[in-house]
Structures are given as C-alpha cells and as structure tokens.
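Okay, thanks everyone. I'll take a few minutes on side-chain contacts, so let's get the model up on the screen.

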Amino acid sequence: MKLFEDYLIDGEPMLVPDADVSLSFADLDSSDSGRDESGIMHRIVVRERVATWGFNYSNLTAEEYRYMRALFAGKPEFAFIYRNLEGDLVETRAYCSNESITYHNARLGLYKNLKFNIIEC
C-alpha cells in the first residue's frame, strides 16, 4: 500500500491516486439569485471558488479499499490537507461526495474504478 503525503484526511495520508486528480472551482449563489421577468440574471454570490478535487483509483485490493473507506467513515466533514501550487500544505474543511466503485472479483477481493470527490465546505 503506497501512501501519499500530499493529500491528508484528518492527518492520515490517502493512497497514491491514479493520474489526473481533477480540481474544479464553483461560486455559490444565494437562493435570492435568479432571472427577473426580462430574463436578466441577478447573482448574489455568497462564496467564490469553492474547490472540488476528483480522485480516481483504477485497481484496489480489499485492504486498500478498507483503508480508504476508514478515512471517511462516520465523518460528515473532516480536515483536508493538500499541497497547493506553491508547494505548501494547506488545510481546509471538506466532505466526501459521489463515491462509486466496482466490485471486480469477489473471490480475489479486487475492486476497480473507485471514484469520489472531496468538496470544500
């Protein structure tokens, strides 16, 4: 099991992810945002650039999958520590969302295509 110190959940390292960890940003609009009768959009932005990290793991053993699940188990949110572009470790509050996985081989305990997002609170 190879651990990766650039991504930590409550201080514990995640497994080394496959290539192409995605990073996206979205603004959060107030519920009062919307279009008026003439179709003009009126945005009330309550927060800018909320980050989402997308992780993919193409092949995992049962042990590796249990390890990853234990990082998030029973945690509606957690401390997520990541390395930014400047190389510094940064901590933010986050939660895990949209997890999916394929149970590839029950006899051998192999899993494929674990995907999930970590979203900044």
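So, the aromatic cluster: Phe4, Tyr7, Trp53, Phe55, Tyr57, Phe72, Phe78, Phe80, Tyr82 and Phe116 all belong to one cluster. Keep in mind that this is a predicted model. Overall, the structure has 12 aromatic pairs. Take Phe4 and Tyr7: their ring centres are 5.6 Å apart with the planes at 45°, so that pair counts as tilted. Phe4 is partly exposed, at 25% relative accessible area, while Tyr7 is buried, at 14%.

Now compare Tyr57 and Phe116. Here the centres are 6.2 Å apart and the planes sit at 15°, so this pair is stacked. Tyr57 comes from strand S6 and Phe116 from strand S9, so to speak a link between distant parts of the chain, 59 residues apart. And both of those residues are buried.

There's one more ring to show you. Arg49 lies over the face of Phe25, and its distance from the ring centre is 3.8 Å.

Okay, on to charges. How many salt bridges does the structure hold? Seven. I'll go through three of them.

One is Arg43 with Asp27, at 3.4 Å from N to O. Arg43 is in the loop between strands S5 and S6, and Asp27 is in strand S3, so the bridge ties together parts 16 residues apart in sequence.

Next, Glu120 and Arg47, with a salt bridge at 3.8 Å, N to O. Which elements does that one tie together? Glu120 is in strand S9 and Arg47 in strand S6, so the parts being joined are 73 residues apart in sequence. Is Glu120 buried or exposed? Buried, with a relative accessible area of 16%.

Last one: Glu99 and Arg69, 2.7 Å from N to O. This one goes from a strand to a helix: Glu99 is in strand S8, residues 89-105, and Arg69 is in helix H1, residues 62-72, so it ties together parts 30 residues apart in sequence. Glu99 is partly exposed, at 32% relative accessibility, and Arg69 is partly exposed as well, with a relative accessible area of 32%.

Definitions and conventions. Residues numbered from 1 in each chain as written. Predicted model: local features only at pLDDT ≥ 70, side-chain atom pairs only at ≥ 80, totals over all residues. Heavy atoms only, no water. Salt bridge = Lys/Arg side-chain N within 4 Å of Asp/Glu carboxyl O. Helix = DSSP H or I, 4+ residues; strand = E, 2+ residues; numbered from the N terminus. Buried < 20%, exposed > 50% of the residue type's maximum accessible area, 1.4 Å probe, protein only. Phe/Tyr/Trp six-rings, centres within 6.5 Å; stacked < 30°, edge-to-face > 60°. Lys NZ or Arg CZ within 6 Å of the ring centre and 35° of its normal.
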